Amino acid sequence: MFGRTLIRHASKTTVMLLALVTVASGTAFAQQSTFNCLTPSRQATARIVGGQSATYNQFPWQVSIGIRGRDAYDGHFCGGVLIGARWVLTAGHCVQGQASDPANLHIVHGVTNLRSEQGNMYNVERIVPHPDYNNDDVGQGNDIALIKLDRAASAGRGAYALLPQASIARNFVFPEACAVVTGWGTTRPEDQAPNTMQAVAMPIISNEECRRAYGVHGFSPDAIPDSDVCAGFLQGGVDSCQGDSGGPLVVEGGPKGFVLAGIVSRGGYDNPTGFWCALEEGYGIYTRVESFVPWIVQTIRDN
Ligand code: ARG
């Protein structure tokens, strides 16, 4: 679970390799905080190229989840999202095995370059995976967990990602809406995770189209429940990837500027390159945060 290449997502018919990653990208956003979802150029899709580096504090809710005792860069294995002073949202598969023990984790916040000395490191007090998450059947959703920090993050409320209540989701999280995913996951098969947070824009895809695409590769429609949301381009070229798991997919807009649409969960299919990201008809699959807002609110209240 801890190794960069050891995290696996098993689905009924296929094992999805979940090594650690960052954002594989081919497109870019035009200006700071104004993104575009233009189709990647053919050249860009011919090979996976790195996403754009985020600027400092551009995505203030992004955290890195790492192995305690290591430094921020070497320890990194998943992303997470600050949603309150002491609460981080992440993927259920990020907190399995050794990573299910709070004593083994640290959370890094307030940093763009993991090799810089910036930011703050927190210990973890508690981990609450979603009760319906099943690590033996990762393909089936509910890939979400809450992490409580040992103390309040030194960040203002402005740094918290906005949870999409149903009314907000209706207005901002819909097919073709332009979304941005961020993280320190891998950018190309042969690369290590990047030092600097990457960000890339791509459209939200309907569950129907996402099921159709994965159906081509033999996945059953059950592999993409309604409580997931997909994003990407039909032709691939742009995607989150290993090491981005647990991190945020946001859509610009709403009362706080960005709405948290998804949590990086899984994607891709077995293919000759062995690389499971940014593939044709292989959209990124994200936990649809809207579906879990009641559970998030209740869990924070109880803990
Ligand atoms: N599960 C991966 C991780 O642990 C993220 C995979 C995302 N894959 C994709 N093709 N979007 O980091």
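Of the 303 residues in the protein chain, 50% are buried, where a residue is called buried if 20 or more other C-beta atoms lie within 10 Å of its own, exposed if 12 or fewer do, and partly exposed in between, with C-beta atoms placed from the backbone. The model is a predicted one, in which local features need pLDDT of at least 70 and side-chain atom pairs count only at pLDDT 80 or more, whereas totals for chains, interfaces and linings use all residues. Residues are numbered from 1 along each chain as its sequence is written.

The protein chain contains 5 helices and 17 strands, these being DSSP runs numbered from the N terminus, with helices (H or I) of at least four residues and strands (E) of at least two. Among contacts between residues at least 6 apart in sequence, 73% join residues at least 24 apart; two residues are in contact if their C-beta atoms, placed from the backbone, lie within 7 Å.

A barrel is closed by 6 strands in the order β6-β7-β8-β11-β10-β9, with antiparallel pairing. Neighbouring strands of this sheet are turned by 40° against each other on average, direction ignored, the axes being lines fitted to C-alpha atoms, for helices over the stretch in contact, and angles running from 0 to 180 degrees between N-to-C directions.

When neighbours within four places in sequence are left aside, A261 is in contact with P164, V173, A179, I204, V229, L249, V250, V251 and V289.

In helix α4 (residues 207–216), C210, A213 and Y214 are buried. Seen down the axis of α4, the buried residues fall within an arc of 95°, so they line one face of the helix, the arc being that of the directions from the helix axis to the C-beta atoms. The cover over these buried residues includes β13 (198–205) and β14 (228–231), while E208 and V216 are exposed on the other side of α4. Just after α4, G218 takes a positive phi of about 90°.

Most residues other than glycine have a negative phi. E176, however, has a positive phi near 80° and lies in the loop between α3 (166–172) and β12 (178–183), where E176 counts as exposed because 10 C-beta neighbours lie inside 10 Å. E281 likewise is not a glycine and has a positive phi of about 50°; this residue is placed in the loop between β16 (258–267) and β17, and counts as partly exposed, with 18 C-beta neighbours inside 10 Å.

In the loop between β17 (284–288) and α5 (293–302) lies S291, which is partly exposed because 19 other C-beta atoms are found within 10 Å. Although S291 and A169 are 122 residues apart in sequence, their C-alpha atoms are 9.8 Å apart in space.

Key: Pairing = 2+ DSSP bridges.
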